[in-house]
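Hi everyone, thanks for coming along. Let me put the sequence and the model up on the screen, and then we can walk through them together.

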Amino acid sequence: MGRAARILTFIAALVALLGATVAVGCGGDDDGGSSGGGSAAAVPEQYRIPETTVKFGNAEFIDHTDAILGVEKGWFEEVGIKLDPEPAGGLYTPADHASTLLSKKVDVLSSNYQILLPALNKTDELKMFAYGDFFIGFALMGDKKFKSFTEIKEAGKSDQEALKEAAAQLEGATLTWSPDPAVRNFGKTVMQGAGLSQSDIKLESLNDAQGVQLMLAGRADFQIGGAPTRITLEKEGFKPIVTAADLTGIVEPPYESSAELAAVSTNGWGTTQDFWESDPDTVMRMASVKWRISQFIADNPDEAAEPHVQQLNRAAGTDLTPEDAKIIYRSIDPYIPFGEQGDLWFNPDKPTYELTMIQAAINQAEAGGTLDKGQAEPEDITIAHLVYARAVELKAEADAAMKATEDGLDGASEEARGTAEDLLAAAKQQYDAFNYLDAARLAKAAQKEVSG
């Protein structure tokens, strides 16, 4: 059973629909991207990957600061990319993500479609293009005196009864939540579970760090924020009252109309339509690094955690430990390897199909008033399905060209064979790094050498 399937087992209501096995045949080799590719193969200058600089942005969450792993491993450099500002880009709060991309302060930004959705009232330029993890970590955090959804269910109540009873504890209480649209959508879904409106609750709009301080000072009863604050509050004795996993466990068809499905999201890297159209090769190479980082975290959480959490703490002012990071990898932001993403996010028959999840988020944003009704379609905010499909096509092209090259080596001249072997070695390195664009290009060049 693949990692994605294990995650969906955790989301009980989706298991039967997603099936017990996830295809893994679309990625690189089994260990592809898990470690450095070794010394770069020597290739003629005309075949080398061109160098470019990408203005890059992070956000103050663990799944939006993972570019540091690609920097420290040299993976961006291997595909000819340098991030600006060095070493791993700038920091932008989610409320500013849309304007940061549209103003061209950055070319690529770590974000998600829920964060960018409100901007669809005015533009369709913003596009997610590659994903790394499946965020299932939103939680309504509260004191241990409050009853959780799980505790109420264990007492014999149904899912809907448990949600209503757990969420009803918000009435008249003080809730601190961040301005992040995705946080707000989750919070509104929880409120709706008990038939509450925002006027029934004392709301404090604060960033995550301030919200934590309010909770610790006893001046707020509940908090909703990102993964770092959830872990911080759990360490301080607070507990999850209602989680995104609780909500997705009660999702029912039609999935695109489900407010619960809008409580989860795919997180990754976004850009603009203009950048994609002007430099699609760089977008494909950036995507390959994202997929390589995802494979590395999935395969090597112990090794990934320390440098990753150091970067997060610098960015967010948190004090998470590597052990905290590994908890987040397992239960809040599980990273999905490239080969498992196809069936999880890009299979239209699944409720977790990317466009279905985006439609659910659009419907929730429209219901909450943050997006004008009928203003947006899922394709307005993503090209990830197109980028993934292109990578799969390029992978098949690389497979065919590498085989043809290997078959033709014996019959080639000594000079042609030497050049072809160098090109083939370089193609295999890029293939194992999920850079199927250059793997296919180099493999085809090698095939041309041996075919005369």
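By class, the lining of the second largest pocket has 12 nonpolar, eight polar and six charged residues. For those classes, Ala, Val, Leu, Ile, Met, Phe, Trp, Tyr, Cys and Pro count as nonpolar, Asp, Glu, Lys and Arg as charged, and the others, Gly among them, as polar. Before I go on, please keep in mind that this is a predicted model: local features need pLDDT of at least 70, side-chain atom pairs count only at pLDDT 80 or more, and totals for chains, interfaces and linings use all residues. Residues are numbered from 1 along each chain as its sequence is written, and side-chain values use heavy atoms, with hydrogens and water left out.

Back to that pocket. Its volume is about 450 Å³, and 26 residues line it, with Asp 208, Ala 209, Thr 229, Ala 316 and Thr 318 nearest the centre. Which of them gives the most to the lining? That is H10, with five residues. When I say helix or strand, I mean DSSP runs numbered from the N terminus, H or I with at least four residues for helices and E with at least two for strands.

A word on pockets and cavities, as both come up. On a 1 Å grid over the protein atoms alone, a cavity is a set of points where a 1.4 Å probe fits but cannot get out, while a pocket is an open set with protein on both sides within 12 Å along at least five of seven lines; lining residues have an atom within 4 Å of a point. Grid points are joined across faces, edges and corners, and a volume is the space filled by probe spheres set on the points.

The largest cavity has a volume of about 120 Å³. Its lining has 14 residues, and Phe 61, Asp 63, His 64, Phe 135 and Phe 138 lie nearest the centre. Seven of the lining residues are nonpolar, four are polar and three are charged.

Phe 135 takes us to strand E5 (residues 126-135), where 10 of 10 residues are buried. Buried means under 20% relative accessible area, exposed means over 50%, and partly exposed is in between, with a 1.4 Å probe and protein chains only. E5 runs antiparallel to strand E11 (residues 265-272), joined to it by eight bridges; two strands pair if DSSP finds at least two bridges between them. Along that pairing, Met 128 stands opposite Gly 270 in E11. E11 is mostly covered too, with eight of its eight residues buried. Strand E4 (residues 108-112) also pairs with E11, antiparallel and over four bridges, and there Ser 110 stands opposite Trp 269.

Zooming out, the protein chain comes to 21 helices and 11 strands. Of its 452 residues, 58% are buried. Among contacts (heavy atoms within 4.5 Å) with a separation of 6 or more, 77% are between residues 24 or more positions apart.

Now some backbone details. Most residues other than glycine have a negative phi, and most peptide bonds are trans. Here, the peptide bond from Asp 84 to Pro 85 is cis, with omega near 0°, and another cis bond joins Glu 86 and Pro 87. Pro 85 sits in the loop between strand E2 (81-84) and strand E3 (90-91), and Pro 87 lies in the loop between E2 and E3 as well.

As for phi, Lys 104 has a positive value of about 65° although it is not a glycine. This lysine is in the loop between helix H5 (97-102) and E4. Phe 434 also has a positive phi, of about 65°, and lies in the loop between helix H20 (414-432) and helix H21 (436-451). Are these two buried or partly exposed? Lys 104 is partly exposed, because its relative accessible area is 45%, whereas Phe 434 counts as buried because its relative accessibility is 1%.

At 18% relative accessibility, His 385 counts as buried. Leaving out residues up to four places away in sequence, His 385 touches Phe 346, Glu 354, Leu 355 and Glu 379. Thanks, everyone!
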